[in-house]
Protein chains: 2
Amino acid sequence: MTTIDIPADSLFGIDNLPYGVFSVDGDSPRVGVRVGGSVVDLAEALGDDVFAAPTLNPFMAQGYDRWVAVRERIRDLVAGEVPDGAVHAIERVTPHLPIEVADYVDFYASEHHASNVGRLFRPDAEPLLPNWKHLPVGYHGRSGTVLVSGTDIVRPSGQRKAPAEAAPVFGPSTRLDIEAEMGFIVGTGTPLNTPITPDSFPRHVFGAVLLNDWSARDIQAWEYVPLGPHLGKSFATSISPWVVPILALEAARIPLPGQTDPKPLPYLRESDPWGLDIDLSIAWNGEEVSRPPFREMYWSPAQMLAHLTVNGASSRTGDLYGSGTISGPEKHQRGAFLELSWGGKEPLTVKGEERTFLQDGDEVVITGSAPGANGSRIGFGEVRGRVLPSN
Amino acid sequence: MTTIDIPADSLFGIDNLPYGVFSVDGDSPRVGVRVGGSVVDLAEALGDDVFAAPTLNPFMAQGYDRWVAVRERIRDLVAGEVPDGAVHAIERVTPHLPIEVADYVDFYASEHHASNVGRLFRPDAEPLLPNWKHLPVGYHGRSGTVLVSGTDIVRPSGQRKAPAEAAPVFGPSTRLDIEAEMGFIVGTGTPLNTPITPDSFPRHVFGAVLLNDWSARDIQAWEYVPLGPHLGKSFATSISPWVVPILALEAARIPLPGQTDPKPLPYLRESDPWGLDIDLSIAWNGEEVSRPPFREMYWSPAQMLAHLTVNGASSRTGDLYGSGTISGPEKHQRGAFLELSWGGKEPLTVKGEERTFLQDGDEVVITGSAPGANGSRIGFGEVRGRVLPSN
């Protein structure tokens with residue numbers, strides 16, 4: 001038996017306890033929990049086969065009461081002695097995609113981001129479209145290309161057309177970008193015609209991850225009318241491997257910045273709002289270029305799920321939805337290079353080199369943390385990706 | 001042992017042999033093939049456990065050579081004697097969703113449909129947007145709400161806003177519509193960064209179904225800018241239960257109506273086009289109101305898959321993509337009630353009653369057939385759905 005040493009200021013203390021799927025030395029992937037600098041093999045430590053699965057889905061499907069009970073068991077476990085074979089140093093484990101993704105939806109819930117994009121793409125019009133403050137605008141993305149952090153991103157190819165050109169050309173994207181987002185994972189859904197209210201968010205949503213919605217702006221600009229983004233996004237979406245339980249985020253809850261003009265329709269109203277005080281950081285080739293504040297989001301993740309299901313659509317274990325790019329009011333809080341470089345017109349200096357969009361070999365790492373219980377701070381780990389040249 | 005009597009003019013003769021998933025008297029769902037008025041239980045008849053699965057996915061994942069070989073074995077089987085217990089009358093079986101849907105994408109590939117919608121939604125502009133003839137426009141939809149024919153459709157609720165109103169209201173959709181489409185099912189996909197060429201379409205796509213993309217036009221009109229349709233579509237997409245193999249569609253192949261101005265980019269070019277001469281029919285409360293011709297589609301299903309994957313997106317067994325509404329040049333060939341009623345301004349008479357959009361209790365049945373080998377005609381069966389009142 002062994003005890004796990006958790007430094008007092010660890011981002012992975014007993015008030016966090018994020019779940020993931022890991023393997024060691026090529027063994028089969030299985031469920032673990034990250035504690036301090038260690039990963040605890042839960043099938044081994046708790047003797048429960050649901051954690052021997054290669055995704056979190058079977059455990060998530062067991063529902064809210066089990067999530068609460070298992071979290072208590074893990075707290076007790078790591079406070080005492082853990083079987084030696086169940087503890088692995090974090091640097092020895094290989095993280096895997098933690099969930100089997102069912103449907104993936106991406107929202108657009110930052111007012112600052114939506115306004116910036118509106119100014120860039122429609123300079124002569126109101127930056128926010130008329131529906132934006134009435135509903136969390138969102139659309140479905142490709143669940144089959146949700147990738148775990150660390151997966152290299154091959155530069156996508158596609159059609160693009162400059163405004164002055166008569167016809168599109170085909171080739172590797174020249175405006176490859178990121179979008180720093182939070183992702184929310186449905187643990188237990190509802191059948192058809194059973195909408196989820198905002199207040200029942202924590203009973204249905206299991207946890208949260210960092211999400212990078214890689215975006216090829218040139219492909220997207222040409223293709224997106226009238227049915228929305230497709231190939232400009234569908235090549236890759238990366239998520240962090242450690243799923244922070246919603247149960248760990250109680251201390252991070254804050255009011256939303258304000259939904260008074262207009263007031264949302266009743267189905268979107270929360271009695272106790274799910275604004276979340278999560279700080280993100282974006283590092284480009286190792287240099288921090290932005291600190292997007294999730295607390296500035298206009299719509300909460302509870303409102304997003306309520307909207308998703310209000311038309312009668314069913315939801316499932318493994319559904320993933322992204323918040324949309326997180327941008328704050330300040331320039332250094334913008335969550336996409338499109339905004340940071342103002343459409344490519346204002347290059348950034350990154351490690352002494354000028355950058356607008358991503359070059360081959362560039363690496364982006366998004367990290368995040370939030371207040372936890374008992375004065376702790378809880379970490380989301382990182383979502384990392386490096387750009388490889390087009391095939 | 002028994003022999004299966006197949007009338008000479010059957011739409012389900014030995015040149016069709018569509019696969020589905022069925023159950024009898026509450027037994028577990030399993031794979032069958034529809035032959036004449038019968039369904040043959042393939043696990044029972046062939047003694048192969050891959051057909052004891054509750055979806056076609058395990059069989060589809062075995063790949064093209066197996067699809068060819070099994071089709072030959074089934075032809076031999078039904079030409080001779082079949083074990084008694086393996087044959088069920090079609091009216092005794094309950095059809096199930098034949099596939100586990102991975103990602104679902106919906107295209108917009110009928111020039112007549114896209115032009116009609118453009119005229120209705122943007123009366124003062126060119127009906128086709130500039131990208132439309134350069135790429136098959138499409139977007140991701142909700143795979144979790146793909147339903148088998150016969151599932152009732154509860155009228156969805158959502159936000160809608162009339163142009164003259166200051167703010168949206170919430171309530172049951174008042175403009176519930178259909179879209180008559182063909183759906184194509186990927187049998188074996190490719191990993192990341194391995195685009196599928198149009199010419200390899202039949203090695204990757206297993207089969208085709210009829211598809212009804214139920215659409216709430218009022219919800220869609222308010223929500224769809226700038227990221228495309230979402231809740232106006234995500235409540236339900238129905239498909240026919242019998243998957244017609246692409247191997248059965250050789251005799252239905254025809255040239256496309258013409259892609260000369262502009263000529264598609266090289267990645268979209270087919271050496272032998274996959275236009276398909278499929279006739280559809282839409283019955284509204286039992287009265288035929290339209291005969292959409294798939295032969296009029298601008299983009300082929302092979303081009304759609306090539307486009308889907310050209311950016312490096314992976315594809316998977318069970319991916320489903322819809323053609324988009326099938327409309328021909330004539331009014332009685334339009335595949336959506338939005339077009340048939342010209343935005344609700346020109347009501348239809350259906351069974352003596354005026355109709356624009358769907359009323360509670362209405363039923364829509366879409367059927368289809370195509371030329372088969374040896375002078376036969378092959379049927380796609382039907383996709384049926386009845387509208388229930390909002391909850």
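How much area is buried between chain B and chain A, and what share of it do carbon and sulfur atoms give? In this predicted model, the area buried between the two chains is about 5300 Å², and carbon and sulfur atoms give 60% of it. Three residues of chain B stand out here: R142(B), L227(B) and N311(B) supply 15% of the area that chain B buries against chain A, more than any other three residues. The contact draws on 57 residues from chain B and 56 residues from chain A.

The polar side of this interface can be described as well. Between chain B and chain A there are 2 salt bridges. In one of the pairs that form a salt bridge, D319(B) meets R142(A), with the closest N and O atoms 3.0 Å apart. Across the interface, 31 residue pairs are in polar contact. On the side of chain B that touches chain A, the elements giving two or more residues are the strands β6 (104-107), β7 (138-141), β10 (157-160) and β11 (169-172), together with the helices α6 (217-223) and α7 (301-309). Strand β7(B) provides the largest share of that side, with 4 residues.

Attention now turns to the interior. In soluble globular proteins, nonpolar side chains tend to be buried together. Here the largest nonpolar core has 148 residues, and the members that touch the most others are M182(A), F184(A), Y321(A), M182(B), F184(B) and Y321(B). Taking F184(B) as an example, its contacts beyond four places in sequence include F201(B), V205(B), I246(B), L276(B), F294(B) and P301(B). D319(B), the residue that forms a salt bridge with R142(A), is also touched by F184(B).

The buried residues run from P301(A) to T309(A), and among them are Q303(A), H307(A) and L308(A). The cover over α7(A) includes the strands β6 (104-107), β13 (180-186), β14 (205-212), β19 (275-276) and β22 (320-322), along with helix α5 (201-204), of chain A.

Is G368(A) buried or exposed? With a relative accessibility of 10%, G368(A) falls under the 20% cut-off and counts as buried. G368(A) sits in strand β25 (residues 363-371) of chain A. Leaving aside residues up to four places away in sequence, G368(A) touches L210(A), D279(A), L280(A), I378(A), G379(A), F380(A) and G381(A). G368(A) and F294(A) are 74 residues apart in sequence, yet their C-alpha atoms are 9.6 Å apart in space.

Finally, some backbone features deserve a look. Most residues other than glycine have a negative phi, and most peptide bonds are trans. In chain A, the peptide bond from D261(A) to P262(A) is cis, with omega near 5 degrees, and P262(A) lies in the loop between β18 (253-254) and β19. In chain B, the bond from V225(B) to P226(B) is cis, with omega near -5 degrees, and P226(B) belongs to the loop between α6 and β16 (237-239). N193(A), although not a glycine, has a positive phi of about 65 degrees. N193(A) is placed in the loop between β13 and α5 of chain A and is partly exposed, at a relative accessible area of 25%. W342(A) likewise is not a glycine and has a positive phi, of about 45 degrees; W342(A) is found in the loop between α8 (337-340) and β23 (348-350) of chain A.

Terms used
Residues numbered from 1 in each chain as written. Chains lettered and ligands numbered in written order. Predicted model: local features only at pLDDT ≥ 70, side-chain atom pairs only at ≥ 80, totals over all residues. Heavy atoms only, no water. Buried < 20%, exposed > 50% of the residue type's maximum accessible area, 1.4 Å probe, protein only. Contact = heavy atoms within 4.5 Å. Buried area = accessible area lost by both parts, 1.4 Å probe. Salt bridge = Lys/Arg side-chain N within 4 Å of Asp/Glu carboxyl O. Polar contact = N/O pair within 3.5 Å; in protein donor to acceptor, adjacent residues only side chain to side chain. Core = buried A, V, L, I, M, F, W, Y, C linked by side-chain atoms within 4.5 Å.
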